[in-house]
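Please look over the sequence and the structure shown below. The briefing that follows takes a few parts of it in turn.

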Amino acid sequence: MQGDSEKDLAARCRAGDKSAYADLVRAYSARVFAICMAMLGNRHDAEDVAQQTLLKSLTGINGLRHDEQFGAWISRIARNLCIDFIRKRRRKPSLAARQADPAWLESRDYRELQAALAKLPEESKLTLMLYYFDARSTKNIAAMLDISQCAVQTRLCRARRQLRKLLDAQ
Amino acid sequence: MQDNCKNIQGQIEELVAGSLPAERAAELQAHIIACAACRAYLEALQADDKLLGKFAEAMQPTIARLENSVIEAIGDARSGESDARASVSTTILKSRAAKFAAAAVVIVALALMMHRGNSRLDVTAPAFAEMVEAMGKVAWVHTVETKHIRDKGRDEEWVFYDYSYKAKLVFGKSDKGDFSCQDYISCTETFYDREADTIVSGYRPEYHDPWWHPTPQSLVEQWKKDFEKGRTVVTHQIGEQDGAVADIYSSTDYGTTKQGSRYMASEFILIVDRNKHLPLATSFKFWMPGGTLDTDTDTKYSYPEKGPSDIYELGCAKTAKVLDNSPTPELLQAVAGYRAGRESSPLRYIAILVTGSYNESAESYLINSVEVHYCDDYLQRCDLCFFEPLTQQQFIEKAGNSFDSIMKWWTSQAKVDLRISHEKVYLYGQEYCCWLHRAGGSKDWVTLYRGYSPGKGRIGPRTLGRYVVYRNILSEFGWTDWLLKTTGSWKVSLAENDYSTSNNLLCIVVSDKSSFTGDGGASGGSLFYLNPQRNYICQKYELYPRSNRCYFREVLEYGQTDMGQWYPRKILTRENRRDVTPPERQEMITVYLDADPEFPQGIFDPDKLPK
């Protein structure tokens, strides 16, 4: 969902085309969730904030100046909401898990991966999450982060290297 | 792994990412077959790739649930319609946990948006703009704030305020017998000192800055933030308050105890006259996880035609002594000159600050940091680098002694020449502010803070040491805003001493103790020496806080731009305990300035960091 089709969807949403909303949600859920997961580190919190982001972007879509920048725009909404959430979380306990975790998420592999991801710089974490959650598309990542595909490749290589070092150290 | 293999690591990473060109992939494969270390690295990265893939797969049910919940919320909105002017009760889907409450809010909003083509949350969000406009037209706002303080041995305390936004006056009175009046036009604060049974009028230089003035916007701003932050449950009803038809908005937040049960953490209620758009009451409650009410504040608003004319009308005894510390015309003129000088400081420049710390055994200043400040009005960036100390001679041999030579060395050779301990980057822009750090030798930047805040002006933290957000480094060194931070109990006055008279400076004393004379013996005050011949630059300040410490900063040399703007060129700072000699910390800062800069491409871009 890139280039013209992304722009078209955003334009249709702004014009009030109801069917476009669902398509836009399907296109961006994984990416928004990836951003929230990278920033919050907890899938339940990430789900909550991702939901707020998607809803907020739909209600505020008239505030979008350029339809082709929907990805970068929703990315920024997600990050702002995550920052707000982190600030609130410091004052109050975080929400407990509401859904039972799938078996693999109880495994040692997952725990080690989580521990390593938590230590990664935010930029690296974000790039990896976006890559793996959204069909490994560097083009999509570039649009979300408003950087070149070349920069995405560089960040991905750096992120893998850092992750490997952290996993080796465990 | 051999050195050659370290270079090949990057190619292996590209191979795993699928971005390595085909011709290089073949060469790399040949190397991998022959090299056990590289083969192990490739296998490790492939295993990581599989692990991350599995992680993403495990998240798919969560993402699917997320998609479905949002699409369901949209679907409900598409099938329903609502009239904003009817008495709408927003549905709170408590039984489906609070995560859907946000969706509930938006369901109604989306329905309205599609029905009326309007993207405003006009059912559940108060009409803040109308409130600000309505309050801007009234003569006075009378507020009574009641706090219930059950754990402090008191039932309640109250305070009331009368605001006149037009006259820029605020009167206050509390049940403890405090009286006060802030006058933002004469820049004075009058208050009743109960201990001394004295009415004191004091000068508040910061009141010259409109940022401090009470406005309807500043009152409404916090309410707006609370509502727009997306509280767990927001409701709207129509009711009655003090005989007026009122919109009643509530915003409730939930938390979770350590045992995993949910509890109501806070509730904010705003009641607004539906016809006049004037706020009538607010209520804020905050609970601890155990259910104890921690904060409970009710405020009522009314709009009389007339307000008090002085604090005697509030009930302050007429027998109280009066101590008038209002500013003299000479003092007002000095502060006006200071503010004008501050406003005239360069706004667009590149400044290199070279800092040397005094070393006792060397008996000289050893240079241990360089900072490069790029300033384009509200766009500001500072690259700060700390390194193993160099003598001044060593530094000049490497970098030279001019802006151009230091900048050339800084951009090409400095990182090779220096043994860097750590670096920082501070970036301030129109919509973001970020601070980054990295240790010497590391290639990776660690984000200490990254915030987004739309709009120009005061963005991010107001100050970060010397890196002031809305005032740049030259302005801060030349015209410190310490002079503009006072409280009503402090006296601000002009004085004379040997330093001021021998240097033709104006000396402003700020102190809350009448005994403070600034001779270094007493504490609880500050002295600011302004140079009228140099745009009222604060040539020296001495801070004597109540502890046994003192802080000095003195401009030893001035510079002047081609446009005639003065700026501090050499600055000495000292900090010490007053019973210790020599000073514990003494620094000399030299400023090299380019006041007609060409900024490097992308220098204010937060994604373009030093390599």
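In α7(A), the residues A:T138, A:K139, A:I141 and A:A142 meet A:Q149, A:V152 and A:Q153 of α8(A), where two residues are in contact if their C-beta atoms, placed from the backbone, lie within 7 Å. By class, this contact of α7(A) with α8(A) has three nonpolar, three polar and one charged residues, with Ala, Val, Leu, Ile, Met, Phe, Trp, Tyr, Cys and Pro counted as nonpolar, Asp, Glu, Lys and Arg as charged, and the others, Gly among them, as polar. This is a predicted model, in which local features need pLDDT of at least 70 and side-chain atom pairs count only at pLDDT 80 or more, while totals for chains, interfaces and linings use all residues. Residues are numbered from 1 along each chain as its sequence is written, and chains are lettered from A and ligands numbered from 1 in the order in which they are written.

**Helix packing in chain A**

- Helix α7 (residues 138–145) of chain A and helix α8 (residues 149–169) of chain A have axes that come within 8 Å and cross at roughly 105°; axes are lines fitted to C-alpha atoms, for helices over the stretch in contact, and angles run from 0 to 180 degrees between N-to-C directions.
- α7(A) and α8(A) are therefore roughly perpendicular to each other, a label for angles of 65 to 115 degrees.
- Helix α6 (residues 122–133) of chain A also packs with α8(A), at an angle of about 105° and with the axes 9 Å apart, and that makes α6(A) roughly perpendicular to α8(A).
- The contact of α6(A) with α8(A) has, by class, five nonpolar, three polar and three charged residues.

**Chain B**

- Chain B has twelve helices and 25 strands, which are DSSP runs numbered from the N terminus, helices being H or I with at least four residues and strands being E with at least two.
- Of its 611 residues, 31% count as buried, meaning that 20 or more other C-beta atoms lie within 10 Å of the residue's own, whereas 12 or fewer make a residue exposed and the range in between partly exposed.

**B:D193**

- B:D193 lies in strand β5 (residues 188–193) of chain B and is partly exposed, with 16 other C-beta atoms within 10 Å.
- Not counting residues up to four places away in sequence, B:D193 touches B:T198 and B:V200.
- B:D193 and B:D178 are 15 residues apart along the chain, and their C-alpha atoms are separated by 7.8 Å.

Methods
Angles under 35 degrees count as roughly parallel, over 145 as roughly antiparallel, 65 to 115 as roughly perpendicular and the rest as oblique.
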